[in-house]
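Subject: A structure for you to look through

Dear colleague,

I am handing over a structure that I would like you to open beside this email.

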Amino acid sequence: MKTYYYVLASQRFLLEEEPMEEVLRERTRHYHEQEKEIDFWVVKQPAFLESPRMAQVKAKCPQPAAAIISTNPQFITWLKLRLEYVLTGEFQAPSESIPDPLASLTSVS
């Protein structure tokens with residue numbers, strides 16, 4: 001199992017009101033320059049919130065939610081300081097209640 005860290009907020013806040021696309025594009029460019037593997041993902045309506053252990057977190061977050069998930073806790077801490085109005089936390093996956101850490105409840109068309 002691996003530990004995943006997340007920043008969670010409403011989709012509107014995280015993906016429309018904040019300039020996250022620019023931040024993530026810059027981070028991706030930096031990783032490519034450093035020949036470092038990408039360790040963060042944007043997930044709309046993250047399925048990990050359906051885990052019974054995450055019920056309290058889900059209740060605190062406006063829906064539909066979006067998350068930036070990473071295996072790098074420092075990146076999530078940096079995002080929390082930059083964004084302010086977000087929830088942060090961590091979970092272990094794969095597990096019985098969270099089989100896929102990056103799963104989304106939205107269907108891709």
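Predicted model: local features only at pLDDT ≥ 70, side-chain atom pairs only at ≥ 80, totals over all residues.

Residues are numbered from 1 along each chain as its sequence is written, and side-chain values use heavy atoms, with hydrogens and water left out.

**Backbone angles**

Most residues other than glycine have a negative phi, and most peptide bonds are trans. Q45, although it is not a glycine, has a positive phi of about 45 degrees, and its place is in the loop between strand 2 (40-44) and helix 3. E84, which is not a glycine either, has a positive phi of about 70 degrees and lies in the loop between helix 4 and strand 4. Are these residues buried or exposed? With a 1.4 Å probe and protein chains only, buried means under 20% relative accessible area, exposed means over 50%, and partly exposed is in between. Q45 therefore counts as partly exposed, at 28% relative accessibility, whereas E84 counts as exposed because its value is 51%.

**The chain as a whole**

The protein chain has 4 helices and 4 strands, and from the N terminus on its elements run β-α-α-β-α-β-α-β. Its radius of gyration is 13 Å, close to the 13 Å that the globule rule gives for 109 residues, so the chain is as compact as a globular protein of that length; the radius is taken over C-alpha atoms, and the rule is 2.2 Å times the number of residues to the power 0.38. Buried residues make up 40% of the 109 residues. Of the contacts (heavy atoms within 4.5 Å) with a separation of 6 or more, 79% are between residues 24 or more positions apart.

In soluble globular proteins, nonpolar side chains tend to be buried together. A nonpolar core here is a set of buried Ala, Val, Leu, Ile, Met, Phe, Trp, Tyr and Cys residues joined through side-chain atoms within 4.5 Å. Which residues have the most contacts inside the largest core? This core has 17 residues, and those with the most contacts inside it are V7, L14, M20, I68, F75, L79 and L83. Strand 1 (2-10), helix 1 (11-17), helix 2 (20-33), strand 3 (65-70) and helix 4 (73-83) each supply at least two residues of this core. Not counting residues up to four places away in sequence, F75 touches L24, R27, F40, I68 and S70. A second, separate core has 15 residues, among them V57, I69, A93 and I98.

**One more residue in helix 4**

T77 has its place in helix 4 and counts as partly exposed, at 46% relative accessibility. T77 and Y6 are 71 residues apart in sequence, and their C-alpha atoms are 9.1 Å apart in space.

With best wishes
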